[in-house]
Amino acid sequence: MLSPAKFVNFYALTGAKKSSNSGGKLCLSALLAGFFIAAGAVVANTAGHMLTNAGLSRVVCGLLFPFGLIMVIVTGAELFTGNCLITISLLEKKAALAGMIRNLVIVYAGNLAGAVLLALAVVYCGQLDLSGGALAVHTIRTAAGKCTIPFGKAVVLGNLCNILVCAGVMCSLCGKSLPGRAIGAFVPVSFFVIGGFEHCVANMYYIPAGLLALREYGQLAQEAGVELSMLTVSNFLGNLIPVTIGNIIGGCGFGALIWAVHKPSK
């Protein structure tokens with residue numbers, strides 16, 4: 001595997017390339033990454049929707065969700081949260097701030113589009129009918145719960161999440177074999193899921209899926225005791241904005257810390 005110092009050198013060039021890629025290439029790669037992360041959320045929701053023990057449900061989700069990030073890394077897709085590591089390229093003077101911001105804006109939009117497209121497909125193909133609509137109720141309950149997280153708490157949970165996601169990206173890219181890369185991504189992401197931290201791209205699936213499911217399954221969710229009043233588009237943005245802020249702080253902070261500790265000596 002690469003040492004942390006070699007990783008800094010490696011990612012400085014990788015991030016520079018990311019910041020200069022064409023808009024079309026970034027958008028398509030980001031669309032794919034949004035789909036993969038959303039697919040991880042779909043599988044985690046499906047596997048855990050009938051579990052009543054909260055701890056067990058988080059463990060099951062934590063064992064399944066990380067495969068989304070593994071697919072992102074193996075396919076070379078562009079993920080907003082992981083791309084916060086371009087901070088390393090910026091500090092190494094291999095990339096400009098404008099290039100980094102451009103990358104993050106385009107990739108964020110592409111991730112959102114990929115995640116929402118999968119949410120549309122899942123809801124309108126009837127996949128949420130599983131267990132007599134219990135999967136739909138679980139999806140709506142998850143979305144409603146995320147919409148009730150206070151702003152400050154969402155920032156902190158987003159911060160903690162992206163420290164682990166970027167650690168996962170780093171551990172994965174340090175690997176020189178497919179199993180090594182997969183394990184490197186798996187463990188930190190599993191930690192953030194089990195810990196209950198907040199990932200903006202995952203929430204681009206979770207909350208829109210809940211909103212879309214309301215039309216078909218709202219009555220069923222209400223009968224199950226789900227509080228639906230907080231599940232609105234405005235509260236979706238009220239979750240996404242602070243979680244994104246936290247993700248940026250955690251990811252860029254992690255990248256800066258790794259650079260400061262392991263930067264090449266001049």
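The model is predicted, so local features need pLDDT of at least 70, side-chain atom pairs count only at pLDDT 80 or more, and totals for chains, interfaces and linings use all residues. Residues are numbered from 1 along each chain as its sequence is written, and side-chain values use heavy atoms, with hydrogens and water left out.

I start with helix packing. Helices, here, are DSSP runs of H or I with at least four residues, numbered from the N terminus. Helix H8, residues 151–174, packs with H9 at an angle of about 170°, and their axes are 7 Å apart. The axes are lines fitted to C-alpha atoms over the stretch in contact, and angles run from 0 to 180 degrees between N-to-C directions. H8 is therefore roughly antiparallel to H9, a term used for angles over 145 degrees. On the H8 side, the contact (heavy atoms within 4.5 Å) includes Cys161, Leu164 and Val165. From H9, Phe191 and Phe192 are among the residues that take part. By class, the residues of this contact are ten nonpolar, three polar and one charged. Nonpolar covers Ala, Val, Leu, Ile, Met, Phe, Trp, Tyr, Cys and Pro; charged covers Asp, Glu, Lys and Arg; the others, Gly among them, are polar.

Next, the aromatic rings. Rings of Phe, Tyr and Trp (its six-membered ring) pair if their centres lie within 6.5 Å; planes under 30 degrees apart are stacked, over 60 edge-to-face, and the rest tilted. The count by this rule is six aromatic pairs. One of them joins phenylalanine 67 and phenylalanine 186, edge-to-face, with 5.7 Å centre to centre and 65° between the planes. Phenylalanine 67 is in helix H4 (residues 67–75) and phenylalanine 186 is in helix H9 (residues 178–195), so this pair ties together parts 119 residues apart in sequence. Phenylalanine 67 is partly exposed, at a relative accessible area of 45%. For the record, buried is under 20% relative accessible area, exposed is over 50%, and partly exposed is in between (1.4 Å probe, protein chains only).

Now asparagine 247, in helix H11, residues 233–262. Is asparagine 247 buried or exposed? Asparagine 247 counts as buried, at 0% relative accessibility. A polar atom of its side chain lies 2.7 Å from the backbone oxygen of glycine 158. Setting aside residues up to four places away in sequence, asparagine 247 also touches Cys161, Glu198 and His199, among others.

Lysine 18 sits in helix H1, residues 4–20. This lysine is buried too, with a relative accessible area of 13%. Which side chain does the side chain of lysine 18 meet in a polar contact? The partner is glutamate 78, at 3.3 Å. A polar contact is a pair of N or O atoms within 3.5 Å; within protein, one must be able to donate a hydrogen and the other to accept it, and residues adjacent in sequence count only if both atoms are side-chain atoms.

Last, two backbone angles. Lysine 93 has a phi near 60°, a positive value in a residue other than glycine. Lysine 93 is in the loop between helix H5 (86–91) and helix H6 (97–124), and is exposed at 75% relative accessibility. Serine 131 also has a positive phi, of about 60°, without being a glycine. Serine 131 is placed in helix H7, residues 130–147, and is partly exposed at 40%.

Conventions
Parallel < 35°, antiparallel > 145°, perpendicular 65-115°, else oblique.
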